[in-house]
Every structure is written in structure tokens, then in C-alpha cells.
Amino acid sequence: MEEIIKVENLRKTFNDNLEILKGISFSVEKGEVLSIIGPSGSGKSTMLRCISQLENVTDGTIKICGKTLVENGVYADKKTRHDIILKSGLVFQNFNLFPHYSVLKNITAPQIRVLKKSKQEAEAMAMDLLERMGLAAKAEAYPCELSGGQQQRVSIARALALKPEVLLFDEPTSALDPELTGEILAVIKELASEKMTMVVVTHEMAFARDISNHIIFMDGGVIVEEGEPMQLINNPKAERTKAFLSRFNNL
């Protein structure tokens with residue numbers, strides 16, 4: 001199998017003394033879905049931000065699609081970093097849409113700016129994706145006119161429009177009302193069925209169990225336990241994992 005993400009001994013320290021990531025190592029193969037679970041403050045989102053270059057690492061190695069982003073804390077040159085950033089798309093928990101852009105422009109603008117597509121090409125891609133998300137009728141609407149679930153579907157379409165090799169989801173349903181959560185989970189399940197490589201930070205345990213090829217449980221900046229979804233969710237080995245999962249009644 002082709003390795004899409006490889007992380008080795010990843011460390012991240014803030015303010016010289018607050019170590020958030022304490023030597024994280026894992027890999028994700030093409031077509032795989034990795035779910036990362038754990039309590040708030042365990043370092044899950046920080047790890048995604050390091051992979052997507054929103055945070056610089058303190059030490060460690062990250063490789064994406066065979067290209068080295070950072071090795072033993074030393075970053076690649078600017079062009080390599082730019083090439084790598086095009087390989088991954090990040091979907092934020094709070095949507096991060098441009099409020100002064102229409103839905104259509106939110107999806108076309110990154111294509112024109114980053115991929116240098118023509119407006120016509122970008123709009124064709126955007127409309128295809130909006131059709132797929134069930135939002136074609138909302139193309140000229142603004143984010144404030146959409147529900148949270150609709151905004152998150154637009155943000156997923158925006159990420160997909162750049163044709164990434166891997167999608168990173170940072171708690172994609174945490175800002176949604178429970179009744180809207182299902183529509184986003186359905187989109188992610190559909191992407192998984194199409195063998196889209198994904199890393200999903202989530203608090204939806206049953207969803208993680210059902211969709212993933214592999215699950216990591218993090219706490220205190222380290223990987224406490226990892227394994228097959230059914231084994232880790234239904235029969236965890238580590239006491240810390242058992243204590244965490246005991247709070248979820250739907251398992």
C-alpha cells in the first residue's frame with residue numbers, strides 16, 4: 001500500500017515549557033480512514049494543525065505523499081512546503097467560510113488562487129460539488145443564510161475542490177446541533193466508501209468505530225492505545241481508554 005502520511009516522534013511545545021505533543025508516531029495508507037479520539041486538551045487538533053502547516057513542530061518528522069515536510073524538526077524549502085500543502089485539505093470545526101463571499105465564490109476563489117484555474121473551470125467544479133452535497137440551489141447564498149450543517153458541507157466541498165490526496169477533519173460536527181450531525185457524518189461515510197484517504201478527529205465514538213480502518217486514542221500528548229476499530233472501541237486494553245469510553249452510552 002502507498003503511504004500517504006507518515007509521522008515520527010512528533011513533538012510540539014508552546015512557550016518553551018508547555019509540551020502538547022510528546023513523541024507521536026503513526027502512518028496512514030492510501031484509501032484508509034484513521035480516526036483520532038481522546039479528551040479535550042489531549043493534542044488531537046494540534047497534531048492536525050502541524051500536519052496542515054498551521055503550526056510549526058518543535059521536533060519530529062512528517063512526510064506526506066512521499067515528500068518530506070519536516071525531518072527531525074528541520075523544515076523543507078518553501079517550494080516543497082507549498083507542494084505538500086496542496087496534497088491535504090483541512091475541514092475546520094467552525095467552518096471558516098468567508099462571510100462576505102457567496103457559497104459559490106467560497107469554493108471557486110481557492111481554485112483560482114491556488115490551482116490557477118479559470119473562473120469557468122472553477123465554477124464548473126464548484127457546481128458539481130454543490131450538487132453532490134445537495135446544495136446546488138444555495139450557490140448564490142451567503143454563509144449567514146445557511147444552517148450549520150449546510151455551512152460544513154460547503155467547507156467540505158471547498159476542500160474537495162482542490163483535489164487533495166488526504167482530507168483532515170478537525171471535530172467536523174462539534175459546532176453542530178445534534179440533529180445536524182448526521183448529515184455531515186453521512187457525507188464523510190460516502191467519501192470513505194469512495195476510498196478517500198482521511199484523518200478524522202472526532203468525539204462521535206460509534207461513527208469512528210463504523211467508518212475507520214484504524215483508531216488512535218490520545219491523552220496527555222501521547223498515543224495511549226491504537227488498533228482495529230471494533231477491538232479498541234468495544235474491548236480496549238488500556239485502563240485510560242476504558243475510562244474514557246465508559247462515558248459514551250451509545251456503544
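## A neighbouring pair

Let's start with Arg209 and Asp210, whose side chains meet in a salt bridge at 3.4 Å, N to O (a side-chain nitrogen of Lys or Arg within 4 Å of a carboxyl oxygen of Asp or Glu). Arg209 is buried, with a relative accessible area of 17% (buried is under 20%, exposed over 50%, partly exposed in between, using a 1.4 Å probe and protein chains only).

## About the model

This is a predicted model, where local features need pLDDT of at least 70, side-chain atom pairs count only at pLDDT 80 or more, and totals for chains, interfaces and linings use all residues. Numbering runs from 1 along each chain as its sequence is written, and side-chain values use heavy atoms, leaving out hydrogens and water.

## A link across the sequence

The structure holds twelve salt bridges. One of them pairs Glu165 with Lys30 at 3.6 Å, N to O. Glu165 sits in the loop between helix 5 (148-161) and strand 8 (166-170), and Lys30 in the loop between strand 2 (18-29) and strand 3 (33-37), so this pair ties together parts that are 135 residues apart in sequence. Helices (H or I, at least four residues) and strands (E, at least two) are DSSP runs, numbered from the N terminus.

Both partners are partly exposed: Glu165 has a relative accessible area of 30%, and Lys30 has 40%.

In helix 9 (residues 239-245), Glu239 and Lys242 are three residues apart, which means about one helical turn separates them. Their side chains form a salt bridge of 3.3 Å, N to O. Glu239 is exposed at 57%, while Lys242 is partly exposed at 36%.
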